[in-house]
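Morning, everyone. Let me put one model on the screen and walk you through it.

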Amino acid sequence: MPTIFVSGASGGLGSALVDFYRRAGCQTFAGTRSPSKAGDITLNVRSVPSCERAVRDVVAAAGGIDILVNNAGMHLAGPLVSLDQDRFKETLDVNLLGVWRLTKAAVPHMRSGGTIAMISSLSGLVGLPDDGAYAASKFALEGMSQSLACELAPKGLRVMLFEPGRIATGFAGTTGGLGPADAAADIAMATLGGDAPLRTPVGADAVALFQRIGIDRGDRTEAVVRAVTGRDWQWQNGPAHEGDAPCR
């Protein structure tokens, strides 16, 4: 039974991911600022000590981590030239450095064959008006993740990027689009399987954007991984978990 750790799991997509993994039989821990139920782990991704303690708590309970889902994030809207500097820094601190902090703490405790899933956004591929701070954080996450994928492949760890379109979670004021349970199912099943690219769109609008502007699903990064490691990107040799209940 694989061990899953999901950050930003107090609500929205993070909570839906935790629910899906648990229904599938996975041992799943929910990282949240205010733990309220069994399986919740205190986590503030802006704090190195908090990230390290959270990982230690998961490892103490489960012995290691198989899948880390970096989902914690925040949104800051407004024209770039009108933004408050401290709020802009906070956005970068959560969406980029928060991912780095938690990943850095988790990697030494991840089992070979594990996956690090990055919840990015279409804003990490296309910058829109009044969305520059969020786009900056997600564009940076995309680049960081590609480098990380090359660095961790020799250790037997896979990095995956997910670019959701509109998801009806209320995040950034979004009330329409794909239901969070459906988005969580798409993401979770991809992380549990072996046949998935570096970059995966989530939702019909995301798929349409990928096709319209020719987004690379990861071929370039996968080629670097093969050159560095001598192994194909899908080094897991097929799905890690099979059947209707993939974690059991």
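I will start with the whole chain and then go to single residues.

A word on the source. This is a predicted model, where local features need pLDDT of at least 70, side-chain atom pairs count only at pLDDT 80 or more, and totals for chains, interfaces and linings use all residues. Residues are numbered from 1 along each chain as its sequence is written, and side-chain values use heavy atoms, with hydrogens and water left out.

First, the fold. The protein chain has 7 helices and 7 strands. Here helices (H or I, at least four residues) and strands (E, at least two) are DSSP runs, numbered from the N terminus. Read from the N terminus, the order is β-α-β-β-α-β-α-β-α-β-α-β-α-α.

Next, dimensions. The C-alpha trace spans about 50 × 40 × 30 Å along its principal axes.

Now burial. Of the 248 residues, 52% count as buried. Buried means under 20% relative accessible area, exposed over 50%, and partly exposed in between (1.4 Å probe, protein chains only).

Contacts come next; a contact means heavy atoms within 4.5 Å. Take those between residues at least 6 apart in sequence: 67% of them join residues at least 24 apart.

On to the cysteines. How many disulfides does the structure hold? The count is 0, with a disulfide defined as a pair of cysteine sulfur atoms within 2.5 Å. C51 counts as buried because its relative accessibility is 1%. C150 is buried too, with a relative accessible area of 19%.

Two more residues. T115 sits in strand β5, residues 110-119. Is T115 buried or exposed? T115 is buried, since its relative accessible area is 1%. Leaving out residues up to four places away in sequence, T115 touches D66, I67, L68, M110, R158, M160 and T191.

P180 belongs to helix α5, residues 180-192. At 25% relative accessibility, P180 counts as partly exposed. With residues up to four places away in sequence again not counted, P180 touches L13, A16, I167, A168 and T169. W100 is 80 residues from P180 along the chain, and their C-alpha atoms are separated by 25 Å.

That is my tour. Questions, please.
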